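This briefing concerns the pockets of the structure shown below, with their volumes, linings and contributing elements.

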Amino acid sequence: MSELLRKAEWLVGIPSPTTFEQEICRQLLEWVKERFPLAQVQRYREGFRFETRPASSRPRVALVGHIDTVPPANRQHLGVRGDLLYGCGASDMKAGVAVMMEALEHWERFPCDLVGLFYDREEGPYADNGLEPLLEGLEEVDFAVVFEPTNNEIHAGCVGSLQARVHFQGQRAHSARPWQGQNAVYLAIPLLDRLSKQERRSVISQGLEFFEVTSATQANTEGPTNAVPENFTLNLNARFAPGKSPEQAIHELEALVANEARLEIYDVAPSGAVRLENARLQAWIGQQQLRVMPKQAWTDVARLDTRGIAAFNFGPGDPAQAHQADEHVRLAAILENYRLLEALLNQCK
């Protein structure tokens with residue numbers, strides 16, 4: 001097995017669900033100390049940033065990967081079986097982190113400077129994400145590669161995300177005499193009906209088709225089972241395309257709810273622009289005949305975009321495997337991702 005594949009297997013063997021990244025961060029810092037003894041490491045919480053050499057006039061590329069995972073499923077296998085590597089986070093995105101590590105170890109081969117950003121809590125709320133503080137003071141980079149699972153395709157841009165609670169207020173009553181109250185669940189029927197009939201909305205950005213959708217993802221009441229509930233809460237998740245601001249998306253969600261209930265916005269993540277205009281990227285995409293697709297999900301490409309850093313998603317994992325009960329990644333895909341990244345970095349002359 002190659003050193004790259006050993007790295008991937010090693011990483012998936014270290015549990016690191018969100019907010020429990022302490023051990024994987026400790027071991028990664030040991031790796032940095034051993035391989036890059038002179039590197040200046042900027043630490044934030046259970047993440048860090050380091051550069052393989054002082055900034056120079058050469059092109060600079062940021063390699064970006066989160067080290068946390070969702071909580072593992074009970075039936076998650078672990079380790080190599082045939083041509084697959086199993087483990088929570090294997091696809092999202094420890095295989096990509098292994099590729100980052102391999103490239104950073106061989107930085108002297110490339111005609112560019114590399115910056116490695118390893119960060120925590122990506123799988124949680126936007127505001128708690130560990131990448132933002134690591135971007136402070138980062139000198140200008142030509143572009144950033146975010147190693148989210150993409151099946152070795154280019155997934156450009158990303159949709160933004162709004163999380164909101166919609167609170168309906170009724171009047172409690174005994175369920176044997178419901179006419180004495182007002183069932184808060186029934187008050188939500190008009191909104192649920194509108195949601196059920198709402199078509200996805202196509203938005204074209206830089207020739208790529210994104211879809212805007214709003215989904216009810218959770219519902220709950222309070223009180224006993226033999227009482228008409230006076231409170232009913234829906235969780236709504238709205239996804240909006242590049243080019244639309246969070247403020248515009250919030251305004252549209254307010255119009256959808258139509259003052260029928262109290263709207264509480266509690267998590268907002270901006271969309272990310274399609275940023276593939278770099279001539280080196282264009283040459284690489286053409287030479288390697290890479291497929292370019294829209295990212296119909298949120299990633300930290302959006303956070304980098306707000307900093308003026310052109311970024312794209314490109315990882316060996318399969319998006320369909322992300323967060324799955326028995327998550328895995330193809331070993332061949334990891335090797336191919338590194339081959340393609342090498343070709344890109346060598347393009348930066």
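With four residues, α7 makes the greatest contribution to the lining of the second largest pocket, helices (H or I, at least four residues) and strands (E, at least two) being DSSP runs numbered from the N terminus. This is a predicted model, in which local features need pLDDT of at least 70 and side-chain atom pairs count only at pLDDT 80 or more, while totals for chains, interfaces and linings use all residues. Residues are numbered from 1 along each chain as its sequence is written, and side-chain values use heavy atoms, with hydrogens and water left out.

**Second largest pocket**
- The second largest pocket holds about 270 Å³ of space, a volume being the space filled by probe spheres set on grid points that are joined across faces, edges and corners.
- Its lining comprises 14 residues, with Gln-198, Glu-212, Thr-214, Lys-244 and Glu-252 closest to the centre.
- At least two lining residues each come from β12 (208–221), β14 (231–240) and α7 (246–257).
- Six nonpolar, two polar and six charged residues make up this lining.

**Largest pocket**
- The lining of the largest pocket divides into nine nonpolar, five polar and seven charged residues.

**Terms**
- On a 1 Å grid over the protein atoms alone, a pocket is an open set of points where a 1.4 Å probe fits, with protein on both sides within 12 Å along at least five of seven lines, and lining residues have an atom within 4 Å of a point.
- Ala, Val, Leu, Ile, Met, Phe, Trp, Tyr, Cys and Pro count as nonpolar, Asp, Glu, Lys and Arg as charged, and the others, Gly among them, as polar.
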